[in-house]
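The sequence and the structure come next.

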Amino acid sequence: MPESRFSKLLRVTSKGRVWRSFVFILIIIIAGSLVVFGNYYNQAIDAYKIPLPKVKEIPFRLGLDLLGGSQLTYDADVSGVPAGEQGNAVEGARDVIEKRVNVFGVSEPHVEVNRTADNKYRILVELAGIKDIGEAIKKIGETPLLEFKEQNTARRALTTEEENSLKVFNESAKKKADEVLQKVKSNGDFSALAKEYSDDTTSKDNGGNVEWVSKRDSEEIASVASKIAIGQVGSTYIQTDRGFEIIKVNDQRIKEVKASHLLLCYKGSEGCSSEMSKEDAYKKIKEIKEQATPKNFADLVKQHSTDASNKERGGDLGWFGKDIMAKPFEEVAFGQKIDTISFVVETKFGYHLIHKTDENPEYNISHILIATQSIDDILGPESDWKNTELTGKNLKRATVQFNPQDNSPEVSLEFDEAGSKMFEEITERNVGKPVAIFLDNYPISTPNVNEKITGGQAVISGSFTVTEARDLAKRLNAGALPVPITLVNQQTVGASLGQQSVRDSLYAGMIGLILVAIFMLIYYRFLGFLSIIALAAYGILSLAIFKLWPVTLTLSGIAGFILSIGMAVDANILIFERLKEELRAGKSLSTAISEGFSRAWPSIRDSNFTTLLTTFVLIEFSTSVIKGFAVTLMLGVLLSMFSAITITRTLLRLFSEQWFEKHRWLIGYKKNQ
């Protein structure tokens with residue numbers, strides 16, 4: 001009986017190991033392909049309705065030269081910073097700038113510190129996708145503001161004059177609401193009245209329409225709307241925190257339904273492992289329907305349902321909206337009354353009974369808002385924190401130190417003379433309470449005050465890691481040490497230029513690959529064919545890593561990737577030449593393969609190792625453009641070694657020696673040559 005491929009795979013022999021390697025390579029290539037071509041895979045599933053799960057589509061992270069945007073270069077003036085603290089001070093400024101550019105919603109801002117040949121510090125800011133750079137420049141260039149704040153527990157009371165003003169305003173609003181409501185009830189045109197009287201500027205010119213409102217949007221308004229017939233206006237107004245609102249309901253629909261179900265699948269229905277016939281399933285669910293009540297429904301589900309995913313929860317499906325469930329199921333669930341059990345519903349999954357437990361209606365409403373005032377409108381919104389007079393100008397420095405008791409990292413603060421006195425006063429009145437440190441209006445630390453602190457020195461302790469303590473010290477110094485920055489260069493890159501460059505680069509890469517493939521096929525024949533397969537696997541795995549890491553793809557990064565393709569081919573050529581030398585020496589094919597790879601490996605290793613050293617230096621000490629090139633080249637070199645040594649060798653070993661003996665011309669070598 002011939003041995004099957006599966007038994008070869010499991011057998012612990014050299015051939016079995018080769019097959020296991022092949023399966024492993026196949027799996028990672030398939031996984032890589034799903035990452036790289038996930039969008040095409042999902043489109044095919046939708047188009048042909050293939051019962052396979054979809055994959056998450058991961059886009060490439062494109063750099064500034066491909067996506068378009070702006071590049072800003074700042075000079076950092078560290079003349080006011082002690083020599084040993086200049087690097088940390090600039091890094092702190094870099095962190096502040098990164099926080100500021102995040103405000104603009106840039107998906108992948110790039111901010112880095114470089115040192116010029118004349119030993120100056122420069123901060124490079126790349127804002128992909130930002131076209132109007134004026135606001136970004138203004139925001140980035142502001143001096144970091146470090147503030148110490150204490151809890152705001154006191155709230156100022158209204159003065160008598162303010163109370164009277166508030167009362168008069170709200171009484172006037174109520175009188176106006178009464179008058180408008182009376183006009184509405186007198187068959188006044190709701191839209192015209194909204195336009196004339198409503199204080200809601202977003203809806204008054206649209207007939208007061210605020211579109212759909214559900215309980216989750218406003219419990220108060222939805223509750224009132226549920227008592228008003230469609231097309232009608234409420235008999236009175238309601239008072240909300242905005243003012244008096246006269247409500248008109250234009251339409252109503254069910255937004256979400258909460259339900260549980262009992263499923264009986266049958267042989268042939270989707271996802272069903274039951275052997276029950278369709279006729280038997282229908283007969284059984286009819287019997288269950290006859291005894292089902294809202295009270296015993298959950299127990300019946302546990303006894304009979306074939307939906308294992310929620311059987312133990314009594315078939316609870318939770319809340320779901322439209323286009324979530326199968327169409328027949330959804331139509332019944334949305335149409336039936338609350339706390340009722342449906343008739344038997346058939347879907348592609350089998351037969352269902354549906355117990356609808358709740359629904360969330362939403363209402364299309366128009367309103368006329370007569371605004372009122374509150375205390376907040378007069379006093380203004382108050383923050384949980386209030387300023388003290390202590391700021392970054394009073395902080396001399398922040399450093400990381402280690403607690404002598406348990407060696408845990410801490411951040412030490414040192415204030416100047418004026419700051420020492422203010423800090424003493426702050427800690428005296430906030431013992432047992434937190435004091436917040438804000439940088440650029442963002443809280444960076446809220447340590448608790450254990451005791452009054454004198455002497456101008458304090459320690460922030462906590463469950464810090466060393467990295468967290470260093471980051472905190474860096475941010476504190478960013479607000480304490482003066483590092484003015486000056487914009488010295490601004491460059492805008494158009495996306496259209498980037499797209500054209502991408503196309504040109506892809507064409508260049510494809511043409512290069514085709515030429516290499518033709519050469520390998522002509523010169524190395526079958527070996528060349530295997531190298532092309534290995535090269536394709538290399539390309540897929542490289543692109544998958546670019547997406548998963550993710551690597552920022554720039555034009556220079558693409559150049560690094562294309563260069564690494566040539567190096568991957570070069571490794572295959574070294575192996576094939578050594579292999580042919582071994583065959584010419586009269587060795588068997590299996591020995592020639594083993595010896596050929598062993599002899600080629602030192603050359604591949606040494607040449608690639610020197611390239612990796614170069615990329616490491618470029619990554620550590622170069623700017624972003626060169627760094628992108630180095631990163632993709634480094635990844636390409638590592639993967640090229642894997643493809644040449646592992647993939648190509650595994651593919652070669654899949655074929656028997658006898659087969660190669662019969663087809664020696666395929667590897668360009670004849671016996672007794």
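This is a predicted model: local features need pLDDT of at least 70, side-chain atom pairs count only at pLDDT 80 or more; totals for chains, interfaces and linings use all residues.

In which strand is Glu211 found? Glu211 is found in strand 6, which covers residues 209-214.

**Residues with positive phi and a loop residue**

Glu211 has a phi near 60°, a positive value in a residue that is not glycine. Its relative accessibility is 51%, so Glu211 counts as exposed, the cut-off for that class being over 50%. Asp339 also has a positive phi, near 65°, and is likewise a residue other than glycine. Asp339 lies in the loop between helix 12 (327-335) and strand 10 (340-341). With 45% relative accessibility, Asp339 counts as partly exposed.

| Residue | Relative accessible area | Class |
|---|---|---|
| Glu211 | 51% | exposed |
| Ala229 | 46% | partly exposed |
| Asp339 | 45% | partly exposed |
| Cys265 | 6% | buried |

**Disulfide**

The count of disulfides comes to one. Cys265 and Cys272 form this link, with their sulfur atoms 2.1 Å apart. The pair qualifies because the cut-off on the sulfur atoms is 2.5 Å. The angle about the S-S bond is 60°, and the link of Cys265 and Cys272 is right-handed. Cys265 is buried, because its relative accessible area of 6% falls under the 20% limit.

Four strands make up an open sheet with the order 13-5-16-17, and their pairing is antiparallel. Strand 13 (385-391) and strand 17 (442-445) are at the edges; each has a single partner strand, so one side of each is left without a neighbour in the sheet. From one strand to the next, the twist averages 45°. Helix 14, residues 417-429, packs on this sheet and touches strand 5 (146-151), strand 13 and strand 16. The direction of helix 14 makes about 150° with that of strand 13.

Within this sheet, strand 16 (residues 435-439) and strand 17 run antiparallel and are joined by three bridges. Ile437 has Ser445 of strand 17 as its bridge partner.

Strand 14 and strand 15 (residues 409-415) run antiparallel, with seven bridges between them.

**Nonpolar cores**

In soluble globular proteins, nonpolar side chains tend to be buried together. Which residues have the most contacts inside the largest nonpolar core? They are Leu527, Tyr538, Ile575, Leu579, Ile604 and Leu652, in a core of 57 residues. At least two residues of this core come from each of helix 2 (14-36), helix 16 (495-548), helix 17 (555-584), helix 18 (589-621) and helix 19 (624-653). Leaving aside residues up to four places away in sequence, Leu527 touches Phe576, Leu579, Leu652, Leu666 and Ile667.

Another core, of 23 residues, lies apart from the largest one. Its members include Leu146, Leu439, Ala469 and Leu472. Leu146 falls in strand 5 (146-151), and Leu439 falls in strand 16 (435-439).

**Whole chain**

The protein chain has 20 helices and 20 strands. Of its 673 residues, 43% are buried. Among contacts between residues at least 6 apart in sequence, 70% join residues at least 24 apart. The chain exposes about 36500 Å², and carbon and sulfur atoms supply 54% of that area.

Note on methods
Residues are numbered from 1 along each chain as its sequence is written. Side-chain values use heavy atoms; hydrogens and water are left out. Two strands pair if DSSP finds at least two bridges between them. Axes are lines fitted to C-alpha atoms, for helices over the stretch in contact, and angles run from 0 to 180 degrees between N-to-C directions. Contact means heavy atoms within 4.5 Å. A nonpolar core is a set of buried Ala, Val, Leu, Ile, Met, Phe, Trp, Tyr and Cys residues joined through side-chain atoms within 4.5 Å. Buried means under 20% relative accessible area, exposed over 50%, partly exposed in between (1.4 Å probe, protein chains only). Accessible areas come from the Shrake-Rupley method with a 1.4 Å probe; for residues, only the protein chains shown count as cover.
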